[in-house]
Every structure is written in C-alpha cells, then in structure tokens.
Amino acid sequence: MNFSSRRKAVGLTQEEVAKTLGIDQSTVALWEKGKTKPRAQLLPKIAALYQCSIDELLSANETSIPTTPQA
C-alpha cells in the first residue's frame with residue numbers, strides 16, 4: 001500500500017491531510033507520486049492520521065523486487 005491508497009482507505013482528501021498536518025496540498029501530492037518523502041517529525045502524525053504504524057507507512061512505499069531462489 002502506498003501513501004495515496006492509505007489516504008483513500010481512511011477517506012481523506014489530499015487537502016484534508018495537508019490542513020491537518022499544516023503543510024501544502026502539493027507536498028502530499030509529491031509524497032504520493034514518490035517524488036519526495038515526509039520529514040521524519042511528521043511520520044508519527046501521518047501514521048496516526050492514516051491509522052497505521054510508521055513501519056507500515058514506510059514499508060508500504062518501498063519498491064520490492066521479486067527475487068528468485070538461487071539453485
């Protein structure tokens with residue numbers, strides 16, 4: 001799950017997230033596009049707002065590369 005799908009899962013708009021966190025809506029859009037990441041001090045607030053842990057929030061945005069077992 002990424003920032004966008006997590007935000008939508010809790011029924012918030014980018015604008016609502018931005019107002020709650022005291023940031024610009026364009027900042028939220030950049031997170032969702034993967035162009036920037038939130039500042040560390042915002043992570044607890046974002047996780048609470050998105051009803052998930054910080055670990056879930058960050059791991060949701062990691063790109064996993066499938067690996068094949070070595071024979």
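**Core and salt bridges in a predicted model**

Visitor: Which residues of the largest nonpolar core touch the most other members?

Guide: In this predicted model, the largest nonpolar core has 16 residues, and those touching the most other members are L21, I23, V28, W31, I46, Y50 and L57.

Visitor: What does V28 touch, leaving out residues up to four places away in sequence?

Guide: With those neighbours set aside, V28 touches Q14, V17, A18, I23 and Y50.

Visitor: Switching to charges, how many salt bridges does a search of the whole structure find?

Guide: The search finds two; one of them joins R7 to E32, with their closest N and O atoms 2.5 Å apart. Because R7 belongs to helix α1 (residues 3–9) and E32 to helix α3 (residues 25–33), this pair ties together parts that are 25 residues apart in sequence.

Visitor: Is R7 buried or exposed? And E32, buried or exposed?

Guide: R7 counts as buried because its relative accessibility is 7%, and E32, at 17%, also counts as buried, since the cut-off for that class is under 20% relative accessible area.

Visitor: Where does the K19 and E15 pair lie?

Guide: Both residues lie in helix α2 (residues 14–21), four residues apart, which is about one turn of the helix, and the closest N and O atoms of their salt bridge are 3.4 Å apart. K19 counts as exposed at 63% relative accessibility, whereas E15, with a relative accessible area of 47%, is partly exposed.

Notes:
Residues are numbered from 1 along each chain as its sequence is written. This is a predicted model: local features need pLDDT of at least 70, side-chain atom pairs count only at pLDDT 80 or more; totals for chains, interfaces and linings use all residues. Side-chain values use heavy atoms; hydrogens and water are left out. A salt bridge is a side-chain nitrogen of Lys or Arg within 4 Å of a carboxyl oxygen of Asp or Glu. Helices (H or I, at least four residues) and strands (E, at least two) are DSSP runs, numbered from the N terminus. Buried means under 20% relative accessible area, exposed over 50%, partly exposed in between (1.4 Å probe, protein chains only). A nonpolar core is a set of buried Ala, Val, Leu, Ile, Met, Phe, Trp, Tyr and Cys residues joined through side-chain atoms within 4.5 Å. Contact means heavy atoms within 4.5 Å.
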